[in-house]
Amino acid sequence: MTTFLFSVAGAVALIASVLVVTSQRIVHAALWLVVALGAIAGCFGVLHAEFVALVQILVYVGAIVVLVLFSLMLTKAPTNPLPSLTTGRSPFAAVVAGVLAVLLGTGVVLAFGNEKIKPVADGSAQAVGTQVFKTWVLPFEVLSVLLLAALIGAIALSQRKKED
C-alpha cells in the first residue's frame with residue numbers, strides 16, 4: 001500500500017511539474033506549482049517523514065508560492081497567455097529533459113539497486129530542530145532578508161508612476 005500511495009503522489013507531482021513548465025498563464029503555473037509541492041509533501045508523508053512533509057507544506061506551499069502570487073499581483077505582471085514566449089525549441093528541450101531523466105534514473109538505480117530504505121533515528125523533529133536553530137540559523141536569516149527585499153522591491157515597482 002505504501003508503494004502504491006508513493007507512486008500515486010509521485011505521478012501527481014510529475015504531471016503537475018510538467019504543467020508548471022508548459023502552462024502559458026503564469027498564475028496557472030503558480031497554482032500547478034502548489035499541486036506539485038503538495039504531492040511532494042504527500043511523498044514525504046507516505047515515507048513517515050511527517051515533520052518534513054509539514055515543513056514542505058508550510059514553507060513552500062504556504063510561503064514561497066504565496067510570495068510568488070503576491071509578487072505577480074503587485075508588479076502587475078501580464079496574466080494573459082503569452083504565446084510569444086514559447087519558442088520553437090520546446091521539442092529540443094523536451095528531448096534534453098528526457099535524456100537527463102533517463103541518465104539520472106540509471107545513475108540512481110546503479111548506485112542503490114534494490115537497497116531498502118531504513119528508518120533513521122536522527123530524522124526526528126527534535127534532531128532536525130536542533131540542527132536548524134543551531135547550525136543553519138545564519139542562512140535562514142539571510143534568506144528571510146532576501147525575500148523581504150524582493151517583496152519591498154515588488155511594492156516599490158508597483159507604486160512607481162508611469163511615464164507617458
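User: What should I know about the model before reading any values?

Analyst: It is a predicted model, in which local features need pLDDT of at least 70 and side-chain atom pairs count only at pLDDT 80 or more, while totals for chains, interfaces and linings use all residues. Residues are numbered from 1 along each chain as its sequence is written, and side-chain values use heavy atoms, with hydrogens and water left out.

User: What makes up the secondary structure of the protein chain?

Analyst: The protein chain has 6 helices and 0 strands, and along the sequence this reads α-α-α-α-α-α. Helices here are DSSP runs of H or I with at least four residues, strands are runs of E with at least two, and both are numbered from the N terminus.

User: Why is Gln 56 called buried?

Analyst: Buried means under 20% relative accessible area, exposed means over 50%, and partly exposed lies in between, with a 1.4 Å probe and protein chains only. Gln 56 has a relative accessible area of 9%, and therefore it counts as buried. Its place is in helix H3, whose buried residues also include Ala 53, Val 61, Val 65 and Leu 72.

User: Why is Ser 71 called partly exposed?

Analyst: Ser 71, which also has its place in helix H3, has a relative accessibility of 23%, so it counts as partly exposed. The C-alpha atom of Ser 71 is separated by 9.4 Å from that of Ser 158, although the two residues are 87 residues apart along the chain.

User: What does Gln 56 touch, and how is a contact decided?

Analyst: A contact means heavy atoms within 4.5 Å. Leaving out residues up to four places away in sequence, Gln 56 touches Leu 37, Ile 40, Ala 41, Phe 44 and Val 61. Leu 37 and Ala 41 are among the buried residues of H2, and the buried residues of H2 pack against H1 and H3.

User: What makes the nonpolar surface patch a patch, and which residues form it?

Analyst: Patches are made of residues with over 30% relative accessible area and no salt bridge, where like charges are joined within 9 Å and nonpolar side chains (Val, Leu, Ile, Met, Phe, Trp, Tyr) within 5 Å. A salt bridge is a side-chain nitrogen of Lys or Arg within 4 Å of a carboxyl oxygen of Asp or Glu. The nonpolar patch, of about 660 Å², is made by Met 1, Phe 4, Leu 5, Val 8, Val 12, Trp 32 and Val 35. H1 gives the most to it, with 4 residues. One of the patch residues is Val 8, which is in helix H1 and counts as partly exposed because its relative accessibility is 38%.

User: How many of the 164 residues of the protein chain count as buried, as a percentage?

Analyst: Of the 164 residues, 12% count as buried. The protein chain exposes about 12,600 Å², and carbon and sulfur atoms supply 74% of that area.

How values were computed:
Areas by Shrake-Rupley, 256 points an atom, 1.4 Å probe, with all protein chains shown as cover.
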